[in-house]
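Here is a short briefing on one protein. Look over the sequence and the model first, then work through the points below.

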Amino acid sequence: MRQSSAEHFLPSEILERASVRGGEYAWGVDDIPSVIQAARDANLLNIGGQLQFRLPDGETCECYWVEVDTSKSVPQKLPWQERVRLSYETALADYQRLRSSTNFLNEGKHAFPLLYEELDAEGRHPSEFICFVWYVQKEPNKLSEIWTNIQNSWPIKFLFAAKD
C-alpha cells in the first residue's frame, strides 16, 4: 500500500460511491471509467488497481493478477501534466481492454471457490461484492521532489567526490 492517500482529492460524487478498507478505495467495476476521468480532471495521476471482492464481514479477496498498472508504460521523467494525460489514456484503454477480455466473476470463482459456495448457500451472488480498487497520486511538491533527487543521487556524488 502507498504511504499516503491522494484519493480524497477526487470529487465528492465519486468518493460517495467508494468502499474504503485499510486506506484503499474501491469502486464498482462499472464506476472505474468515471474514477479514471475524475482523477485526470483533478490533476491526479492514475496508477491503476486490482479486482477485489469485498464481503460484508470485512474480508477482502483480491485477484491481484487482474490488474491495470500504468507505471509500466508511463515514464516518470515526463512533466506532471503529460504524465496525468498519458496515465488517463493508458488507464482507460487498459481497463476497457481488461473488461472486454476478462470475465471478472469467473476469475473470482476460480480463485475463491469456497467463497462462491458459501455465497450460494446464503442465496447471495458474488456480483454483489465485486469491485476494483483504484489508486491515484497527487503531484509531489517541489521540495519533496528535490530531496528525493538528492537522496537518489547522493552515493554517486559521494563516490566522485571521494576520487578527487
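## Start at W134

W134 touches E7, Y25, W27, I32, V35, I36, N46, G48, G49, V68 and A91, leaving aside residues up to four places away in sequence. Keep in mind that this is a predicted model. W134 is also among the residues with the most contacts inside the largest nonpolar core.

**The core**

- The largest nonpolar core has 35 residues.
- Those with the most contacts inside it are W27, L51, F104, F132 and W134.
- At least two residues of this core come from each of β2, α2 (32-41), β3, β4, α3 (80-101), α5 and β5.

**The whole protein**

- The protein has 6 helices and 5 strands.
- From the N terminus on, the elements run α-β-β-α-β-β-α-α-α-β-α.
- The protein has 164 residues, and buried residues make up 35% of them.
- Take the contacts between residues at least 6 apart in sequence: 67% of them join residues at least 24 apart.
- The accessible surface comes to about 10100 Å². Carbon and sulfur atoms account for 53% of that surface.

**Strands β1 and β2**

- R21 has E24 of β2 as its bridge partner.
- The hairpin of β1 and β2 has 2 residues between the strands. In this hairpin, G22 takes a positive phi near 55°.
- Which way do the residues of β2 (24-27) point? E24 and A26 point one way, and Y25 and W27 point the other way.
- E24, Y25, A26 and W27 are all buried.

- β2 is joined to strand β5 (residues 130-137) by 2 bridges, and the two run antiparallel. W27 has F132 of β5 as its bridge partner.
- β5 also pairs with β3, in the antiparallel sense, over 8 bridges. Here L45 stands opposite Q137 of β5.
- Strand β3 (residues 45-54) is mostly covered, with 9 of its 10 residues buried.
- β3 pairs with strand β4 (residues 60-69) as well, again in the antiparallel sense, over 7 bridges. Q52 stands opposite E62 of β4.
- β3 and β4 form a hairpin with 5 residues between them. G58 in its turn has a positive phi of about 100°.

**Helix α5**

- Which residues of α5 (113-121) are buried? They are L115, Y116 and L119.
- Seen down the axis of α5, the buried residues fall within an arc of 100°, so they line one face of the helix.
- An α-helix has 3.6 residues a turn, so residues three or four places apart point the same way.
- The face of α5 turned away from the buried side carries the exposed residues L114, E117, D120 and A121.
- The buried residues of α5 pack against β3, β4 and α4 (104-111).
- Just after α5, G123 takes a positive phi of about 75°.

**Salt bridges**

- How many salt bridges does a search of the whole structure find? The search finds 8.
- R17 forms a salt bridge with D31, with the closest N and O atoms 3.4 Å apart. This pair links distant parts of the chain, 14 residues apart. R17 sits in the loop between α1 (12-15) and β1, and D31 in the loop between β2 and α2.
- R17 is partly exposed, with a relative accessible area of 39%.
- R99 and D30 meet through their side chains in a salt bridge (3.1 Å, N to O). This pair also links distant parts of the chain, 69 residues apart. R99 is in helix α3, and D30 is in the loop between β2 and α2.
- R99 counts as partly exposed at 33% relative accessibility, whereas D30 is exposed, with a relative accessible area of 63%.
- The side chains of R85 and E82 meet in a salt bridge (2.3 Å, N to O). R85 and E82 both lie in helix α3, 3 residues apart, which is about one turn of the helix.
- R85 counts as partly exposed at 34% relative accessibility. E82 also counts as partly exposed, at 29%.
- A network of salt bridges links E82, R85 and E89.

Key:
Residues are numbered from 1 along each chain as its sequence is written. This is a predicted model: local features need pLDDT of at least 70, side-chain atom pairs count only at pLDDT 80 or more; totals for chains, interfaces and linings use all residues. Side-chain values use heavy atoms; hydrogens and water are left out. Buried means under 20% relative accessible area, exposed over 50%, partly exposed in between (1.4 Å probe, protein chains only). Helices (H or I, at least four residues) and strands (E, at least two) are DSSP runs, numbered from the N terminus. Two strands pair if DSSP finds at least two bridges between them. The arc is that of the directions from the helix axis to the C-beta atoms. Contact means heavy atoms within 4.5 Å. Accessible areas come from the Shrake-Rupley method with a 1.4 Å probe; for residues, only the protein chains shown count as cover. A nonpolar core is a set of buried Ala, Val, Leu, Ile, Met, Phe, Trp, Tyr and Cys residues joined through side-chain atoms within 4.5 Å. A salt bridge is a side-chain nitrogen of Lys or Arg within 4 Å of a carboxyl oxygen of Asp or Glu.
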